[in-house]
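This report goes through one model, part by part. Please look at the sequence and the structure before reading on.

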Amino acid sequence: AAERVELRDKIKRLLKERNAVLVAHYYTDPEIQALAEETGGCVSDSLEMARFGRDHPASTLVVAGVKFMGETAKILSPEKQVFMPTLEATCSLDIGCPIEEFSAFCDQHPDRTVVVYANTSAAVKARADWVVTSSIALDVVDHLDSEGQKILWAPDKHLGDYVRRETGADVLLWDGACIVHEEFKAQGILDLKKVYPDAAVLVHPESPASVVAIADMVGSTTQIINAARDLPNKQMIIATDQGIFYKLQQLVPDKEFIIAPTAGSGATCRSCANCPWMAMNALDNLAYVLEHGGNEVHVDPALGVQAMKPLTRMLDFAA
Ligand code: CIZ
Ligand code: SF4
């Protein structure tokens with residue numbers, strides 16, 4: 001325990017010395033989220049992380065999350081140095097949408113407006129007309145639909161299908177999925193509801209349609225946190241990465257949160273629903289990059305200029 005305190009103190013000191021600010025995602029280790037809060041950094045979803053990093057005066061951003069979040073920070077702030085505790089932390093959505101195949105898919109459908117989820121590479125963003133996060137996907141697609149535009153959506157098919165069902169827009173889907181959210185099971189949640197009959201079911205729309213169908217509320221991480229606060233239920237079954245429990249328990253301490261099952265059994269699970277890439281961010285590799293450098297995020301400048309356009313469109317739309 002003394003070692004952890006020492007490590008935390010060292011990170012705090014190094015952040016100051018390096019004029020650096022820590023930008024962390026809700027899904028990272030609670031220790032990292034706590035440090036980001038204590039040091040004036042940010043703990044949030046990818047939309048807010050992007051905005052915070054861009055607007056913060058620090059010359060150096062340390063992004064605790066996955067690769068696309070570091071890249072987004074660099075694209076929006078090319079003049080800042082961006083570091084990550086590890087450059088190995090990626091995302092199944094990013095991996096499942098390689099630029100060559102994606103670009104060919106877009107070329108086959110020139111009549112469609114290309115809308116990509118933030119969980120994509122810089123190259124895929126550079127090919128897109130719009131970037132969205134789950135918190136504004138519905139609003140953006142609604143807006144495009146009202147203008148009569150047809151959509152090409154990538155990479156998450158579950159989120160894309162949810163957006164299509166909700167907006168009624170003409171949406172062509174890429175076949176990608178999040179390995180964490182795709183595992184939630186409707187039957188498991190229904191079984192759990194027998195144990196907690198008064199619990200509300202809060203679901204991230206990267207989950208399968210069968211899970212979304214039994215939700216009391218569907219939304220992004222930030223929207224789930226707000227709903228947990230606002231709904232009258234004292235118990236909540238949560239279908240998103242369990243990293244979010246840190247913020248849920250902090251902001252809504254009087255309620256009980258139960259992770260949604262990733263098996264049909266109804267048994268709660270302690271190690272499931274935890275993104276393996278998010279989990280690669282830890283205090284020791286965070287301290288290491290601050291002390292020794294390395295793990296700097298680089299984005300090809302020409303690609304960055306292209307990718308900044310749909311990203312800025314997203315931030316302006318959300319503002
Ligand atoms: O699943 C993810 O990676 C999410 C929810 C990212 C985000 O938008 O914050
Ligand atoms: Fe990607 Fe899913 Fe991990 Fe988020 S939780 S980073 S969408 S694999």
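## The model

This is a predicted model, in which local features need pLDDT of at least 70 and side-chain atom pairs count only at pLDDT 80 or more, while totals for chains, interfaces and linings use all residues. Residues are numbered from 1 along each chain as its sequence is written, and chains are lettered from A and ligands numbered from 1 in the order in which they are written.

## An open sheet

Helices (H or I, at least four residues) and strands (E, at least two) are DSSP runs, numbered from the N terminus. Two strands pair if DSSP finds at least two bridges between them. An open sheet of four strands has the order 10-9-11-12, with parallel pairing. Strand 10 (217-218) and strand 12 (256-259) are at the edges with a single partner strand each, so one side of each has no neighbour in the sheet.

Strand 9 (residues 200-203) is joined to strand 11 (residues 235-239) by four bridges. Within this pair, L202 lies opposite I238 of strand 11.

A residue is buried if 20 or more other C-beta atoms lie within 10 Å of its own, exposed if 12 or fewer, and partly exposed in between; C-beta atoms are placed from the backbone. In strand 7 (residues 150-154), four of the five residues are buried, so the strand is largely enclosed by the rest of the structure.

Strand 7 pairs in the parallel sense with strand 5 (residues 112-117) over five bridges, and T113 has I151 of strand 7 as its bridge partner. Strand 7 also pairs in the parallel sense with strand 8 (residues 171-173), over three bridges. There, L172 of strand 8 is the bridge partner of L152.

## Two packed helices

Helix 4 (residues 67-76) packs against helix 15 (residues 301-318) at an angle of about 95°, and their axes are 9 Å apart. Helix 4 is therefore roughly perpendicular to helix 15 (a term for angles of 65 to 115 degrees).

## The ligand site and S220

The residues around ligand 1 (C-beta atom, placed from the backbone, within 6 Å of it) include D45, T133, S134 and S220.

S220 is in the loop between strand 10 and helix 12. Is S220 buried or exposed? S220 counts as buried because it has 23 C-beta neighbours inside 10 Å. Leaving aside neighbours within four places in sequence, S220 is in contact (C-beta atoms, placed from the backbone, within 7 Å) with D45, T133, S134, S135 and H204.

Key:
Axes are lines fitted to C-alpha atoms, for helices over the stretch in contact, and angles run from 0 to 180 degrees between N-to-C directions. Angles under 35 degrees count as roughly parallel, over 145 as roughly antiparallel, 65 to 115 as roughly perpendicular and the rest as oblique. Two residues are in contact if their C-beta atoms, placed from the backbone, lie within 7 Å.
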